[in-house]
Protein chains: 2
Amino acid sequence: MSKQRGKQTVELANPVAIPSSACVAGSREGRGPLRHTIDSIYEDSLTGGVKSWEQAESAMQKDALNLALSKGNFPEKSLRYLLAGDLLNQCIGSAFSARTADIPFIGLYGACSTMAEGLGLGAMLIDGGFADRIAVVTSSHYCASERQFRLPLEYGGQRTPTAQWTVTGAGAAVLERAALSGEPDHPLITHLTFGKVIDMGIKDVSYMGAAMAPAAFSTLSAHFQDTGTGPEDFDLIVTGDLGVTGSDILRELFANAGVTLGQNYTDCGALIYGLTEPDVSAGGSGCGCSAVTLCGYIVSGLRARRWKNTLFCGTGALFSPLSAQQGESIPSVCHAVRLVGGKQ
Amino acid sequence: MSKQRGKQTVELANPVAIPSSACVAGSREGRGPLRHTIDSIYEDSLTGGVKSWEQAESAMQKDALNLALSKGNFPEKSLRYLLAGDLLNQCIGSAFSARTADIPFIGLYGACSTMAEGLGLGAMLIDGGFADRIAVVTSSHYCASERQFRLPLEYGGQRTPTAQWTVTGAGAAVLERAALSGEPDHPLITHLTFGKVIDMGIKDVSYMGAAMAPAAFSTLSAHFQDTGTGPEDFDLIVTGDLGVTGSDILRELFANAGVTLGQNYTDCGALIYGLTEPDVSAGGSGCGCSAVTLCGYIVSGLRARRWKNTLFCGTGALFSPLSAQQGESIPSVCHAVRLVGGKQ
């Protein structure tokens, strides 16, 4: 039976459950409005025991995965696949985390969209009969990311108002065949829409929200069209991570198309630091941003019946420092996953 | 119906066909023993028209995909997904190629194993009913890779005998539901085994074959065990890219386990330059190496009935220059895909 809907969307034959998830984060994220949904908050940038920020990022991935497994009482060996990715060159955050796990590894690269990409792929692998249980893990680390993408922290560079702050954090979600979960509270993945790479010519790497908003517009529009829905059919639509300025652009793109993104629309980058942190400019970014928000705030809200029908739209800016130095613009992508509350 | 076999392997319910594939490569590869299976050979390292080696890598991906589509007479819009990845930081080779394609994009990172990872995932997406036709594309570029991973070319550094030479090339494979292909000659994917990340402590980035051989041993052993087969059941087993020295280590690992990898075993890195190129040390490497070998040599041999039952085992070294500088060893992975000749 084909599960293809319209031009870009998949409707799963059987919803895939998220029986367990966990997230860990740094101290700045741990002071933010999502702090009560974060399972573990590190006091220092080296997660208490390693020698580099890159090793700290791997440690966060491991911690998030172990927490998610232990919350669900799942042995590691019950996972058929580990899907993981991050922003570090050659995705070493994921590789060095995965080498301590005895699980077949599928490496992803979707920049900040990686959690959504992993949820979508993982859900298809389960729905297709290729796995009963898998885990998706992603991470980012502010200090590792700054020195790789922008400037050494020691330089103390000024930030522009449109710049986003890379989240220090990791999220892990366990996915399984819903039939395995007796538990009616588990959130369910029902649909997913993989996006095309969109590049509208934005070249300012401190304005990634503007580069990614058109990709979010493209994928959300495709999801609405393919499934005969609109923004009003969801009680939460969350992009990650357009930040404050990028979300405004997305609202405007929809308004120009005659569609209102209302109060039910928000963004992981805008949520994670709230309005209280003076340094974060336009909000959070990084693979860890939407991962922490999804694996903590969104999953717990679905479990608590705060929302019934949500659309989680991971956005990623697919540039590198080198492509920016060569004068290239920023190609972007957005993948959308529909998550609904459990069997009510 | 579950398609899981043993601990790590998938047996597809319906084989997935490769109705079309294409590969492009640089002049050095174009002088090698696989030259007759390469569709297009560039005379210069900038593929005739772009300004940087990174742009050349994207151009190669586009050329390979367009050739594969035109060989099969497939319109681009008939592809449900484009699965792609490469070795450049943040996978810009793939992102900048994909921005000109109007196809939903799934970004992968598996280092030199990316073609096998993509074939495996793509086959599952088709067999699971999520797509009718997709494309997998990967690439690498010697000049872009050297300056990123090792030394500026201008430096003229000496190479060790165990070092491998990053292939300049790209491969694209179109996958579709076998039922769509009336053509009996199309090679078919029947099984796949995703590997675990293995790290035996090798730290020499000029000896990646040694780092990756244990990962190949792990995945091949799992495939044999899960499917009740052995090396003698295949008329071609090809790893990519252990190179000459890494393949010898793999033979030895199997010999120690009482299993003989015979004349039917070879390696993409050992194949692509043959014994005629003086500079390539232990053979080829890079995402482009196994991609060019698979999309040209292996697919054409299956079509010509030269082999009936092959095991394509992509190997990847999941390190970065930074992880090596920090004194880390090299985690590695191997993914195996079984490809059989068409309906005989």
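This is a predicted model: local features need pLDDT of at least 70, side-chain atom pairs count only at pLDDT 80 or more; totals for chains, interfaces and linings use all residues.
Figure 1. The C-alpha trace of chain A spans about 55 × 50 × 35 Å along its principal axes. Chain A contains ten helices and 14 strands. The average pLDDT of chain A is 95, and 99% of the residues score at least 70. For the complex, the predictor gives a pTM of 0.98 and an ipTM of 0.97.

**Figure 2. Relation between chain A and chain B.** Two copies of a chain are related by a rotation about an axis and a shift along it. Here, chain B is superposed on chain A by a rotation of 180° with 0.0 Å of shift along the axis, and the RMSD is 0.0 Å. That is why the relation is that of a two-fold axis. The same surface serves both copies, as 100% of the contact residues of chain B recur in chain A.

**Figure 3. The side of chain B that touches chain A.** In this contact, 53 residues of chain B meet 53 residues of chain A. Five elements of chain B each supply at least two residues to this side: strand E4 (81–86), helix H3 (92–98), strand E5 (105–107), helix H4 (114–127) and helix H10 (321–325). H4(B) gives the most, with five residues. By class, the residues of this side of chain B comprise 28 nonpolar, 15 polar and ten charged.

**Figure 4. Packing of helices H4 and H9 in chain A.** Two packed helices are described by the angle between their axes and the distance between the axes. Helix H4 (residues 114–127) and helix H9 (residues 287–303) of chain A have axes that come within 7 Å and cross at roughly 55°. H4(A) and H9(A) are therefore oblique to each other. From H4(A), the contact uses Thr114(A), Met115(A) and Ala116(A), which meet Cys287(A), Ser290(A), Ala291(A) and Leu294(A) of H9(A). The residues of this contact are five nonpolar and two polar, with no charged residues.

**Figure 5. Packing of helices H4 and H9 in chain B.** In chain B, H4(B) packs against helix H9 (residues 287–303) at an angle of about 55°, and the axes are 7 Å apart. H4(B) and H9(B) are therefore oblique to each other. Thr114(B), Met115(B) and Ala116(B) are the contact residues of H4(B), while H9(B) contributes Cys287(B), Ser290(B), Ala291(B) and Leu294(B).

**Figure 6. The cis peptide bonds between Gly240 and Asp241 in chain A and in chain B.** Most residues other than glycine have a negative phi, and most peptide bonds are trans. In chain A, the bond joining Gly240(A) and Asp241(A) is cis, with omega about 15°. Asp241(A) sits in the loop between strand E10 (236–240) and helix H7 (243–256) of chain A. In chain B, the peptide bond from Gly240(B) to Asp241(B) is cis, and omega is near 15°. The loop that holds Asp241(B) runs between strand E10 (236–240) and helix H7 (243–256) of chain B.

**Figure 7. The positive phi of Asn73(B).** Asn73(B) is not a glycine, yet its phi is positive, at about 60°. Asn73(B) is found in the loop between helix H2 (53–72) and E4 of chain B. Strand E4 (81–86) is one of the elements of chain B that supply at least two residues to the side touching chain A.

Terms used: Residues are numbered from 1 along each chain as its sequence is written. Chains are lettered from A and ligands numbered from 1 in the order in which they are written. Two residues are in contact if their C-beta atoms, placed from the backbone, lie within 7 Å. Helices (H or I, at least four residues) and strands (E, at least two) are DSSP runs, numbered from the N terminus. Ala, Val, Leu, Ile, Met, Phe, Trp, Tyr, Cys and Pro count as nonpolar, Asp, Glu, Lys and Arg as charged, and the others, Gly among them, as polar. pLDDT is the predictor's confidence in each residue, from 0 to 100. Copies are superposed by least squares on the C-alpha atoms of residues with pLDDT of at least 70 in both. Axes are lines fitted to C-alpha atoms, for helices over the stretch in contact, and angles run from 0 to 180 degrees between N-to-C directions. Angles under 35 degrees count as roughly parallel, over 145 as roughly antiparallel, 65 to 115 as roughly perpendicular and the rest as oblique.
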